[in-house]
Structures are given as structure tokens and as C-alpha cells.
Amino acid sequence: MDDDAAMALALDEARAALAHSDVPIGAIVVVRDAVVARRHNERELTSDPTAHAEVLALRDAANAAGSWRLEDATLYVTIEPCAMCAGALLNARVARVVFGAPDLKAGACGSLYNLGADPRLNHEFVVQAGVRADESAELVTTFFAAKR
């Protein structure tokens, strides 16, 4: 599965978050060309501050793998992960993170911080930014414009 096709699935997940008024961010986890998890934000739905798409997808992927170590995994997410999610990605030992649009206010994979490339930490992961960035940004921009 190429990055564009995988991000299309993450965008589908992001749109699903709109059904329960959550910020439209979607994530999928791919291992050896197979989608093993796909989730979207559920903070509003569950009243859980940790229910970001990335964290939920990592939980499902670890459950599917039977291990918290996701060393062969690539996580695709529509918006750049925050510090909490980047920390979860580090702890899961993912190999690669691909995101759509940057998050200039909270991004921790290149915008404000780059936790995936910090040699002081016990793991590093490859980051690919900008895959279907315009579509990813448009979903979030439209969501917040409607809230105002």
C-alpha cells in the first residue's frame, strides 16, 4: 500500500469523527502492507483526553499484534502528532510516521518539536510529512470555522 492510498483511509477515519463532534483527525496503522488498525479522535465521544486517533490506533494495533512493540509498523495520521501521541509512538517503537498537515501550535514531529528524531531518547522513527496535506488541513479548518 502506498502512502497516498493509506492516507486516503486515514482521511476516511477523520471524517467519521464528525459524526460525534470530535476534531476530524484519523489514523491507521499498517504492518507489511496490511491495515491492522484504523481510528479517529474520540475525545468528545468518550470524555477521554487521551482518546486521540493515534493513541487509539496504537492500542488496537498492539492488541492485534499481541505485543506493545510495533517495530514494523507505519502510522498514518491526517494531522501532525502532538507531544502525547509522539511519545506513544516512541514507546510503541513504530518504524515510521506519515502525516498530512503540520500542526504549527502543537506538532511534535517537526513543527514545534521533533521527538521522533531526538537521539537523546531510546528510539527514533522516520517522519514523512505532507501526504495529502491540503485535504487534511481543510477538514480541520472547516470543522473549526463551523464552531465559531
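**Exercise 1.** Decide whether His 52 is buried or exposed in this predicted model.

*Solution.* Step 1: take the relative accessible area of His 52, which is 15%. Step 2: apply the cut-off, where buried means under 20%. His 52 is therefore buried. His 52 sits in the loop between α2 (43-46) and α3 (53-65). Step 4: list its contacts, leaving aside neighbours within four places in sequence. These are Asn 41, Arg 43, Cys 82, Met 84 and Cys 85.

**Exercise 2.** Classify how α1 and α5 are oriented to each other.

*Solution.* Step 1: find the geometry. Helix α1 (residues 3-17) packs against helix α5 (residues 133-147) at an angle of about 5°, and the axes are 11 Å apart. Step 2: compare with the limit, as angles under 35 degrees count as roughly parallel. The two helices, α1 and α5, are therefore roughly parallel. Step 3: identify the contact. From α1 come Leu 11, Ala 14 and Arg 15; from α5 come Glu 135, Ser 136 and Leu 139. Step 4: sort the residues of this contact: three are nonpolar, one is polar and two are charged.

**Exercise 3.** Which residues touch the most other members of the largest nonpolar core?

*Solution.* Step 1: the core has 28 residues, and Val 29, Leu 75 and Val 94 touch the most other members. Step 2: trace the suppliers. At least two residues each come from β1 (26-31), α3, β3 (73-79), α4 (83-92), β4 (96-101) and α5. Step 3: check for a separate core. Another one, of 11 residues, lies apart and includes Met 7, Ala 10, Val 30 and Leu 139.

Definitions and conventions: Residues numbered from 1 in each chain as written. Predicted model: local features only at pLDDT ≥ 70, side-chain atom pairs only at ≥ 80, totals over all residues. Heavy atoms only, no water. Helix = DSSP H or I, 4+ residues; strand = E, 2+ residues; numbered from the N terminus. Buried < 20%, exposed > 50% of the residue type's maximum accessible area, 1.4 Å probe, protein only. Contact = heavy atoms within 4.5 Å. Axes fitted to C-alpha atoms, helices over the stretch in contact; angles between N-to-C directions. Parallel < 35°, antiparallel > 145°, perpendicular 65-115°, else oblique. Nonpolar A, V, L, I, M, F, W, Y, C, P; charged D, E, K, R; others polar. Core = buried A, V, L, I, M, F, W, Y, C linked by side-chain atoms within 4.5 Å.
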